[in-house]
Amino acid sequence: MRKVMASIDLGSDTIKLLVAELIKDKVHVLTIKDIKTKSIKDGLITNEDGLIEELKNLFKQTEETLGLKIHKVLVNINPIESEFALGEGLTTITNPEKIIEGSDI
């Protein structure tokens with residue numbers, strides 16, 4: 001089974017998407033795509049709907065280039081105006097596959 005990973009960086013004026021594959025404990029970059037964004041200014045999202053459309057277009061371009069669907073990404077965001085807190089949680093895994101999903105939390 002292929003181990004394909006994706007990471008997206010929401011920058012001040014550019015959104016970058018990197019897709020890589022792990023082969024024999026080495027990371028091989030498959031593609032890097034970037035687009036200029038009009039929906040982020042000085043690290044802050046100024047147009048949510050515009051950003052969603054830009055992201056959809058970026059993912060579509062990347063998936064067409066690779067010939068595979070991207071299901072999950074690691075998101076890198078600018079910490080400006082962000083608040084972070086350490087926390088702990090507990091949940092009961094109820095599905096038979098023992099997979100934790102967003103709805104479980």
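**View 1. Buried residues of helix H1 in the predicted model.** In this predicted model, the residues of H1 that are buried are Gly-50, Leu-51, Glu-54, Leu-55, Leu-58, Phe-59, Thr-62 and Glu-63. These buried residues pack against strands S1 and S2, and also against strand S3 (26-36), strand S4 (40-41) and strand S5 (44-45).

**View 2. The largest nonpolar core.** This core has 13 residues, and among its members Ile-8, Ile-15, Leu-17 and Leu-55 touch the most others. At least two residues of the core come from each of strand S1 (3-10), strand S2 (14-23) and helix H1 (48-66), with H1 giving the largest share, four residues. When residues up to four places away in sequence are left out of the count, Leu-55 touches Ile-8, Leu-10 and Ile-15.

**View 3. The length and the two ends of H1.** At 1.5 Å a residue, the 19 residues of H1 should span 27 Å, and this agrees with the model because the end C-alpha atoms of the helix lie 27 Å apart. At the start of H1, the backbone nitrogen of Asp-49 has a side-chain oxygen of Asn-47 within 3.3 Å, while just after the helix Gly-67 takes a positive phi of about 75 degrees.

**View 4. The largest pocket and its lining.** The volume of the largest pocket is about 270 Å³. Its lining includes Arg-2, Val-4, Met-5, Ala-6 and Val-19, together with Leu-68, Lys-69, Ile-70, His-71, Lys-72, Val-73 and Leu-74. Strand S1 gives the most to this lining, contributing three residues.

Terms used. Residues numbered from 1 in each chain as written. Predicted model: local features only at pLDDT ≥ 70, side-chain atom pairs only at ≥ 80, totals over all residues. Heavy atoms only, no water. Core = buried A, V, L, I, M, F, W, Y, C linked by side-chain atoms within 4.5 Å. Buried < 20%, exposed > 50% of the residue type's maximum accessible area, 1.4 Å probe, protein only. Contact = heavy atoms within 4.5 Å. Expected span 1.5 Å × (residues − 1). Polar contact = N/O pair within 3.5 Å; in protein donor to acceptor, adjacent residues only side chain to side chain. 1 Å grid on protein atoms, 1.4 Å probe; cavity = no way out; pocket = protein on both sides within 12 Å on 5 of 7 lines; lining within 4 Å. Points joined across faces, edges and corners; volume = space filled by probe spheres on them.
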